[in-house]
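Open your viewer and keep the selection panel at hand. We will go from stop to stop.

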Amino acid sequence: MDTTFRDAHQSLMATRVRTHDLLKISPYVAHKFNNLYSLENWGGATFDVALRFLHECPWERLEEMRKRIPNIPFQMLLRGANAVGYTSYPDNVVYKFCELAVQTGMDIFRVFDSLNYLPNLILGMEAAGKAGGVVEAAISYTGDVSDPKRTKYDLKYYTNLADELVKAGTHVLCIKDMAGLLKPESARLLITAIRDKHPDVPIHVHTHDTSGAGVASMLSCAQAGADVVDVAVDSMSGMTSQPSMGAVVASLQGTPLDTQLDLGDVSEYSAYWEQTRTLYGPFECTTTMRSGNADVYLNEIPGGQYTNLQFQAFSLGLGDMFEDVKKAYREANFVLGDIIKVTPSSKVVGDLARFMVQNKLSRTDIVEKAKELSFPKSLIEYLQGYIGIPYGGFPEPFRSDVLKDMPRIDERPGSKIEPLDFDKLRKELFKIFGQVSERDVMSTALYPEVTKQFLKNRQKYGCIDKLDTRMFLVGPEMGEEFEVVLERGKVLFIKTLAIANDLRPNGTREAFFEMNGEMRSVHIADVDAMKVMRVHPKARNDVKGEVGAPMPGNVIDIRVKEGDKVEKGQPLIVLSAMKMETVVRSPDSGTVKKIEVKKGMKLNGDDLILVLE
């Protein structure tokens, strides 16, 4: 299977590749690679990122790819009961999502759960199967089955899970090695054990090449009886991505496992992506990663999370401390009891790791001070059971110390959620945006605020996916002419001319340009000019009662007012940054003397929040 259209760019470039660039190479893939098992091109983080950052409709992406590639099965990544989100949804949302995905062009659903929690996994399998999709149930792999010291996730653990998934009716069985931990010998042991128990079930193996051993591991899987392995085209392979397609194809030429793919075709395919990849430089994992790194066997960071974690670290001012974040990730994992790490459980570990680095906390500090620390929201919800129950249970007394008297869930999280009223949601959207599609309603069910912002942008700017990628990300130089192809035979020729020096009272400037030879102008908000410089006081460690922000972020909620009496550990405010929410709790009992922040205010780390006395 080729992962270039999904996991490769998620792993290397924070999922930022646009539909525009995927569609340009799609006809070539259809003509040259029609004997692929499948093309992975949807699901996972692509759904969220398309709406949130690329201002694209993910459903339109799938539909347009299907038009250009009618002859290769499409495969998507489904997070079980979490669909393509980071939380549990009502069951009818997951079923409706799968139904709409099949209608739009999806064929194979790789279904996994971030904790290998069977109730969540089976719900996703049933939803995909009922929709008419091919069900490929995935076992998320961690640890090392060839290491007798790693006893939690041993060979028996994986073969037992395989038994359960086959019993549940999976069409294909997948081993999902999301961090690239599957060493060649471990691969041989694992695939042999599963093949011996299930000789007739197709086995598909997914890995990442972070350590550099990915090609060797996939060859070992193939020789042990796997039917399909994941690769990415050469210029989009290696490191946190999948192993090289060209290397695997060449290694198997002339053997009984010959793929029948042409190396010349692979080379041309790779050349396209080599050029296209240069457009996405700001999102590259190569900012800190120049080669494969075997420290993944220690930190176990999933390939798909690595670049996002790195990008978030830079955004929060921790760029030069990314090595510390990686080490803290390992420590955070053990604080949580050595869990399966893949979205959304990997986000919990990543959020805790960043929290540890930002606040200079060790593994011992986290455990000993659990009752008084203001932990990220994702960690609290995980310990409550909102994404499922981990193998071996939650760590105690850490869980009880963090949650205190907060509610806990000890069953499948979505089982108690009321079904979503799609008609009601459609009517709500219609009042705001007018005519909306079934896809818009579905996207809103999964990502309410993100989708509404996308619909506002589309209402205001139209379909900006027609712009070339450089124009979308950077914009044109003054005096530069560029073209926008709306459809065959309909092209706009645009040339930027000048920007007025005068700033209007509403914070806009007039920009002048030519479109197909005619002079035009438009008023554009000058974001930099509208910024107000603000110096916020810092909390002083030597002054009792001054409470500072534990991380940079925006104030999204204030839970107290001046004069309130608060207890130690009581929530004070909620901060949000890079999809991570943190509840800041009171370090002591006292009275709120003065609040220094307002809702919507952007804070830096240690900025003064309030004063207690």
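Start by colouring four stretches of the protein chain: domain 1 (141–252), domain 2 (295–403), domain 3 (476–530) and domain 4 (536–612). These bounds come from an automatic or database domain assignment. The C-alpha centres of domain 1 and domain 4 lie 46 Å apart.

Two notes on the source. This is a predicted model, where local features need pLDDT of at least 70, side-chain atom pairs count only at pLDDT 80 or more, and totals for chains, interfaces and linings use all residues. Residues are numbered from 1 along each chain as its sequence is written, and side-chain values use heavy atoms, leaving out hydrogens and water.

Next, select Phe97 and Phe375. They have the most contacts inside the largest nonpolar core, which has 153 residues. A nonpolar core is a set of buried Ala, Val, Leu, Ile, Met, Phe, Trp, Tyr and Cys residues joined through side-chain atoms within 4.5 Å. Buried means under 20% relative accessible area (1.4 Å probe, protein chains only).

Now show helix H15 (residues 345–358), which gives this core its largest share, seven residues. Helices are DSSP runs (H or I, at least four residues), numbered from the N terminus. Domain 1 and domain 2 both give residues to the core, so it lies between them.

Zoom in on Phe375. Beyond four places in sequence, its contacts (heavy atoms within 4.5 Å) include Leu352, Phe355, Phe398 and Val583.

Last, select Ala549, Ile573, Met601 and Leu603. They are among the 19 residues of another core, apart from the largest one.

Methods. Buried means under 20% relative accessible area, exposed over 50%, partly exposed in between (1.4 Å probe, protein chains only). Helices (H or I, at least four residues) and strands (E, at least two) are DSSP runs, numbered from the N terminus.
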